[in-house]
Amino acid sequence: MDSHRKTHQREDEDDVISPKPVALSKYSNRIELKTLLERSDGGARLAGKRVVIGGWVKSSRAVKKDSPPPPPPSQPSSVAVPPPPSTTKSNISCTEIIQSKMNIFRKLFDVLSGGGKTTYPIFDKPEITGQKATSPPEYTIYFLISDGSSVNSLQVVVDSAMSTIPTTQLMSLGTCIVAEGVLRHPLAASAKHVIELEAEKLLHVGTVDPEKYPLSKKQLPLHLLRDFSHFRPRTTTVGSVTRVHSALTLASHTFFQSNGFQYVQVPVITTTGVGEMFRVTTTLDREEKKHDGLSIETVKAAIKEKSRLIDHLKRSDSNREAVAAAVHDLKKTTDLAAQLEKKQKPKAATQKLDFFGCDAYLTVSGRFHLESYASALGKVYTYGPRFTADKIDNARHLAETWNVEAEMAFSELDDAMDCADDFFKFLCRYLLENRHEDMKFISKRVDKTVTTRLEATASNSLLRYSYTEAISLLQKATTRTFETKPKWGVDLTEEHLSYLTDEICKGSVMIIHSYPKEVKPFYVRLNDDKKTVAAFDLVVPKVGVVISGSQNEERFEILDASIKELGSTSREKYEWYLDLRRHGTVKHSGISLRMEHMLLFATGLPDIKDAVPFPRSWGKANN
């Protein structure tokens, strides 16, 4: 089988029609379009080969039989749009126009033509078994098909007689088509593509409902597509961004594996961390939810009132049924008070009822756990989801992100900055070399400067400034007034970083290091000046921080003192972390790359919510 496939992949074969379909992709009885369209000749030398292709309709046109082929459909825009109505109306019969516009006529037409079934009979050449008063017109349909493997689309030429599905329904944007046929050079001299498929069979048709399919109504901007995150990868822009995202993931593994790092999986659920964190618990049962909003004082007041009512009923010779009902009501209220009191007991008493028996959270960083493996294996890295519960909703923040994190034993701050520098440049080069077609499309449709920006970053040295130097530059700024006044000790804000990258570094990437200890986590190594710590940020224009890193504290006494400052409740949960300093401590440093922010830099997208398949942010968790 492998030798058979290799034979058909040779570009210098004679143009002879193969008797059987050529299967050039594994695990599927079809050919991936990138195999055709991303060849050096655009697939021209495969003319005459029989193939099976599958994909979704990006655009379509139809002409009556014996008419000259129409001009080639233009490549789809960043958001899929329906076929031009003027072309379809001029070539499709009145019956089909009415059928495509009016639900009643569509249903009637489907029933009469057999199109109302859940699945449609597909065949090579339909045989008409009976005489009809009128025969439906026959068309040659020109589809642009995309299967997601490439930014480019393949033109597929289909005879409308191959299917019993109404032509307008077959042509709808988003329809899934699997076709078998022969590759050929386009008949139209003005064609923009070098190869197309002349279909001989339709093996599958997955129809859409044009009235409900969101991509078929009108061109939608990216922020509206977030409401249809399950469909938006079918648009050309989101498809390209997804392939770039995939390439960055592969490039990350390639970089660390080729530099001697071991991949380690770290937990998503943790008992340690800093900042706003999501708590993991199983104690929110139905009774607690049902009684939310009730105070114990209100319930106790009700108990007193119900007790007085019972005493009154007993003194007033009320019947036994009324007294019994009041007593039963009092018991229910007393039980409710007991539940509320139990709920309000100290947390330590209820933790035993929770799943883990202690406070547990979704992790903010994997570097804590990586340290333990770096202390045994030397150089390790991981890639996984990270969570922050900050109630922020802007173009640079998500509640769930994916980070690439690395930790290195026998390593200091300068080593970590060198690693971040090399890693960042490697990612830029990898995209330029391996995702050329997607980067060309993104450069055309999203940001014209992305290619030159990646090339400049990959070839130039990254500028490095200390925090103190950065503050000095900000204080000298005469053309900018900052909302947060730049003075030593404040955390650098988005406007500070924007000024530094745009005005000081003239659009270049920079590294800022040696921050005040008050603005960085407790575990970062204290510098000799006792005021700053060994931490850094790699900052890029228009995006901000893409990589953070630090040399963490290896000295037991200093780390122990920092943990004590957090409070007595923190001591126990960091005991295992202190053990790494008690037994075989070593200098170590690491980095953390925010993948979504790297994607913003690489594509020029303005909002981080368009850089992930299913964004999670404050107040929003669709799908």
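The model is predicted: local features need pLDDT of at least 70, side-chain atom pairs count only at pLDDT 80 or more, and totals for chains, interfaces and linings use all residues. Residues are numbered from 1 along each chain as its sequence is written, and side-chain values use heavy atoms, with hydrogens and water left out.

Start with helix H8 (residues 236-258) and helix H15 (residues 436-445). Helices (H or I, at least four residues) and strands (E, at least two) are DSSP runs, numbered from the N terminus. The two helices pack at about 135 degrees, with axes 10 Å apart. Axes are lines fitted to C-alpha atoms, for helices over the stretch in contact, and angles run from 0 to 180 degrees between N-to-C directions.

The term means a side-chain nitrogen of Lys or Arg within 4 Å of a carboxyl oxygen of Asp or Glu. Here the closest N and O atoms are 2.9 Å apart.

Arg-243 is at 12%, so it counts as buried. Asp-438 is buried at 1%. Arg-435 is buried at 16%.

Now turn to strand S11 (residues 400-409), which holds Glu-407. Glu-407 is buried, at 0%. Its C-alpha atom is 9.4 Å from that of Gln-551, 144 residues away along the chain.

Notes
Buried means under 20% relative accessible area, exposed over 50%, partly exposed in between (1.4 Å probe, protein chains only).
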